[in-house]
Amino acid sequence: MNLIDKTRQHLEQRYPRNTTPPRFFRAPGRVNLIGEHTDYNDGFVLPAALNFETLVAAIPQNNRRVEVFALDKNDADSFDLDESITLHPSKNWANYVRGMAKTLLSEGKQLQGIAIAVSGNVPTSGGLSSSASFEMALGHAFLQLSGYRVDGVSLALSAQKTENGFVGVQCGIMDQFISSLGQKDHALLIDCRDLSYKPIPIPRDTVIIVVDSGVRRGLLDSEYNTRRQQCEAAAAHFGVKALRDVDEATLAQRAHELAPVIRRRAKHVITENARALAAAQALVQGNIAQLGPLMAESQRSMREDFEITVPAIDTLVEILQSSPEVYGARMTGGGFGGSCVALAPKNTVSAIKEIVYRRYQTETGYHPVFYVCQAADGAGELIVKI
Ligand code: GLA
């Protein structure tokens, strides 16, 4: 059953006396083509929203309660908008709902009680931002059912605030931003300092291949926070607001002033910003072949300078790169497992898939999951004809 029918049916069964038709809000997962760990350094990223999404079906309630049913988890949560909203003691998924409501209320929005059924097809735990897509779909449901028009940038910022202040994940803005504002057949070059962005076309005959490595990202939270602190320490040393403000020449001149580990972290961020800009330019100019060396260098930098890859991921990227059809490949997302991304001509997918399935499991012991994706539009209401 598709997501619309599934969520609608659930609400009909749960609220048989309701006469208001549900409204549907969708938001996509994402993959980052290049520009990793640059967002919280006020830098540049080049992600695309994917054709995998979270769908929220919502009906208004005539009271101040929020009732949510997570169909894929067969689980429920409810809370009252007039009472103080706290973390759920055991259901992590429910904290995105509680957190989004709390953030929007704290920003002065007069929210109305709603009942929600949610389901999705963004692979979870693979580093494709299923939680950002959940937040964005929820944000639309809360705001639109309360009579607000949604501003995509503000909603992405509200979702990031929810992650940072409520859920307790110190992420940057990339995932929420691209889930909110992604454009079909395009990646977005996002300037994470002023939040301006530019759609970058992905050539028609090119597909985005995502391969889930099967390695789960155990260390991600603690290592992520350590990387952020190291980047902040480097920026403080140079007396600037963020590493965005340091160029490669300055880093080279003053590298000896930094402890080796801080130097390597700074080098990754500064060179990765340049690579994200160069990759966007190459795509605009129709030089997709230039993405190969840029993505390979990004991978090397993530492995040696930022130290966020793991051996199985390195092997997976080597396998993808060794396939002559692939334009470029690298790990994508926060690191320590998750997924790799590759760009390739559409008609070569089965050959690439064959190589990955033949080699990866034998060489690493992990089972790969292969997704052929297109860049999709960002979050919004789905108008469904009854
Ligand atoms: C995670 C975070 C993002 C970004 C990436 C690394 O996905 O949520 O904000 O920092 O890692 O590029």
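Buried means under 20% relative accessible area, exposed means over 50%, and partly exposed covers the range in between, with a 1.4 Å probe and protein chains only. The model is predicted, so local features need pLDDT of at least 70 and side-chain atom pairs count only at pLDDT 80 or more, while totals for chains, interfaces and linings use all residues. Residues are numbered from 1 along each chain as its sequence is written, and side-chain values use heavy atoms, with hydrogens and water left out.

**Aromatic pairs**

A pair of aromatic rings is described by the distance of the centres and the angle of the planes. Here, rings of Phe, Tyr and Trp (its six-membered ring) pair if their centres lie within 6.5 Å; planes under 30 degrees apart count as stacked, over 60 as edge-to-face and the rest as tilted. The structure holds 6 aromatic pairs. Tyr 15 lies in the loop between helix H1 (3-14) and strand E1 (23-32) and Phe 69 lies in strand E4 (residues 65-70), so the pair ties together parts that are 54 residues apart in sequence. Helices (H or I, at least four residues) and strands (E, at least two) are DSSP runs, numbered from the N terminus. Tyr 15 counts as buried because its relative accessibility is 16%, and Phe 69 counts as buried at 8%.

Tyr 40 and Tyr 224 form another edge-to-face pair, with 5.4 Å centre to centre and 65° between the planes. This pair links distant parts of the chain, 184 residues apart: Tyr 40 is in the loop between E1 and strand E2 (44-45), and Tyr 224 is in helix H6 (residues 220-238).

**Charges over rings**

A charge sits over a ring if NZ of Lys or CZ of Arg is within 6 Å of the ring centre and within 35 degrees of the ring normal. Lys 109 lies over the face of Tyr 148, 5.8 Å from the ring centre. The charged end of Arg 227 sits over the ring of Phe 306, at 5.9 Å from its centre.

**Ligand surroundings**

The residues around the ligand are Arg 30, Glu 36, His 37, Asp 39, Tyr 40, Cys 171, Gly 172, Met 174, Asp 175, Tyr 224 and Gly 334; a residue is listed if one of its heavy atoms lies within 4 Å of the molecule. Tyr 40 and Tyr 224, the partners of the edge-to-face pair, are both among these residues. Polar contacts are pairs of N or O atoms within 3.5 Å; within protein, one atom must be able to donate a hydrogen and the other to accept it, and residues adjacent in sequence count only if both atoms are side-chain atoms.

| Side chain | Distance to ligand oxygen |
|---|---|
| Arg 30 | 3.0 Å |
| Asp 39 | 2.5 Å |
| Asp 175 | 2.7 Å |

Taken alone, the ligand exposes 310 Å², and the protein buries 92% of that. Accessible areas come from the Shrake-Rupley method with a 1.4 Å probe; for residues, only the protein chains shown count as cover.

**Individual residues**

Glu 272 lies in helix H8 (residues 260-284) and is buried, with a relative accessible area of 0%. A polar contact of 2.8 Å joins its side chain to that of Arg 275. Not counting residues up to four places away in sequence, Glu 272 touches Ile 34, Gly 35, Glu 36, Thr 38, Ser 298 and Arg 330, where contact means heavy atoms within 4.5 Å. Glu 36 is also one of the residues around the ligand.

Asn 95 is placed in helix H2 (residues 92-106) and counts as buried at 4% relative accessibility. Its contacts, again without residues up to four places away, are Leu 87, His 88, Phe 166 and Val 167.

Asp 377 is in the loop between strand E12 (369-373) and strand E13 (380-382) and counts as partly exposed at 40% relative accessibility. A polar atom of the Asp 377 side chain lies 2.9 Å from the backbone nitrogen of Lys 184.

Ser 129 has a positive phi, near 65°, in a residue other than glycine. Ser 129 is found in the loop between strand E6 (114-120) and helix H3 (130-145).
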